[in-house]
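Welcome, and thanks for taking a look at this one. Here is a short briefing on helix packing, strand pairing and charged side-chain pairs.

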Amino acid sequence: MKKGLIGKVASLGLVLMLSATALAGCGSSKAPEGQGGQAASGAAEGGTLAKIKERDKFVVGVKYDLNLFGLKDPSTGNVEGFDIDIAKAIAKKVLGDENKIELKEVTSKTRIPMLKNGEIDAIIATMTVTEERKKEVDFSDIYFMAGQALLVKKDSPINGLADLKPGMKVLTAKGSTSAKNIREKAPNVEVLEFENYAEAFTALKAGQGDALTTDNALLYGMSKQDPNYRVTEETFTEEPYGIAIKKGDAEFVKTVNDVLKELKETGEYDKIYEKWIGEKPKK
């Protein structure tokens, strides 16, 4: 290679090296992905309360198939019940208008995934507080205390767990604590799980099982729909209902707890309870 050509190549290499250094310097001023950039984005997103205020609507996951707590009227499309009134109270406190809510149907199986992926702001759907669920979501204070029981035909000899014999079939909903509890309390019966309690009740009326089990508060709603069925007096669990909120959102948990506290202090909670359950809450 000639001497002049060698010099030109060396000069070109030096220019390229300096250009690469300059580009690297410019790039270093940008936060690496997954560090400062993502942190800033997360901070901008804010918590549940900020999102509710920004959209001016409280999006709540509720049941559509449970008389007294969350039941959709097919003729009007309206969903009504105890849980709905609690949701309205939160909307009124946060947004100044109880009608600024959007109700989305959830089941025992779908409610936690819908909360986690941001489809809903909270779950108000007869959800029992358990240690296992606390690993996935945060809960408000208890807003309703129920107990698991059995729904049977009026002339059924079944009055409690002791009357469940081997080979009997007990119906319930998928993903519910009721399914877990009945398997533990009555291991000799066959447990059939359905997508929701409306399907389970339809199956019971069709003779596909001997009893249906869930919280007594929900069973009362079913027996009200069809007086040919009764709720056993025996309860074999305590089922404390809480409002589920996305894990780590302490601000919104406090907001919801403040609303529940105010409802109880003003007597509004007692009115909601008596309206749907038919009696005053036990103190």
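Glu193 and Arg183 form a salt bridge, with their closest N and O atoms 2.9 Å apart; the term stands for a side-chain nitrogen of Lys or Arg within 4 Å of a carboxyl oxygen of Asp or Glu. The model is a predicted one, where local features need pLDDT of at least 70 and side-chain atom pairs count only at pLDDT 80 or more, while totals for chains, interfaces and linings use all residues. Residues are numbered from 1 along each chain as its sequence is written, and side-chain values use heavy atoms, with hydrogens and water left out.

**Salt bridges**

- The Glu193–Arg183 pair links distant parts of the chain, with Glu193 in strand β11 and Arg183 in helix α7 (residues 177–185), ten residues apart. Helices (H or I, at least four residues) and strands (E, at least two) are DSSP runs, numbered from the N terminus.
- Glu193 counts as partly exposed at 31% relative accessibility, and Arg183 counts as partly exposed at 40%. Here buried means under 20% relative accessible area, exposed over 50% and partly exposed in between (1.4 Å probe, protein chains only).
- Lys109 forms a salt bridge with Glu195, and their closest N and O atoms are 3.4 Å apart. Lys109 lies in the loop between β5 and α5 (111–116) and Glu195 in the loop between β11 (190–194) and α8 (197–205), so this pair ties together parts that are 86 residues apart in sequence.
- Lys109, at 44% relative accessibility, counts as partly exposed, and so does Glu195, at 28%.
- Lys275 and Asp85 meet through their side chains in a salt bridge (3.0 Å, N to O). This pair links distant parts of the chain: Lys275 is in helix α11 (residues 268–277) and Asp85 in helix α4, 190 residues apart.
- Lys275 counts as exposed at 54% relative accessibility, whereas Asp85 counts as buried at 14%.
- The count of salt bridges comes to twelve.

**Helix α4 and its neighbours**

- Two packed helices are described by the angle between their axes and the distance between the axes.
- Helix α4 (residues 82–95) packs against helix α10 (residues 250–266) at an angle of about 110°, with the axes 10 Å apart. That makes α4 roughly perpendicular to α10, a label for angles of 65 to 115 degrees. Axes are lines fitted to C-alpha atoms, for helices over the stretch in contact, and angles run from 0 to 180 degrees between N-to-C directions.
- From α4, Ile86, Ala89, Ile90, Lys93 and Val94 meet Thr255, Val256, Val259, Leu260, Glu262 and Leu263 in α10, where contact means heavy atoms within 4.5 Å.
- α4 also lies across β1 and β5, running at about 165° to β1.

**Strand pairing**

- Five strands make an open sheet in the order β5-β1-β6-β15-β7, with mixed pairing. Its edge strands are β5 (101–105) and β7 (137–139), and each pairs on one side only; two strands pair if DSSP finds at least two bridges between them.
- β1 (residues 58–62) pairs with β5 in the parallel sense over five bridges, and Val59 stands opposite Glu102 in β5.
- Strand β12 (residues 211–215) is mostly covered, as five of its five residues are buried.
- β9 (residues 148–153) and β12 run antiparallel and are joined by four bridges, with Ala149 opposite Thr214 in β12.
- β10 (residues 169–173) and β12 run parallel and are joined by two bridges; Leu171 has Leu212 in β12 as its bridge partner.

Definitions and conventions. Parallel < 35°, antiparallel > 145°, perpendicular 65-115°, else oblique.
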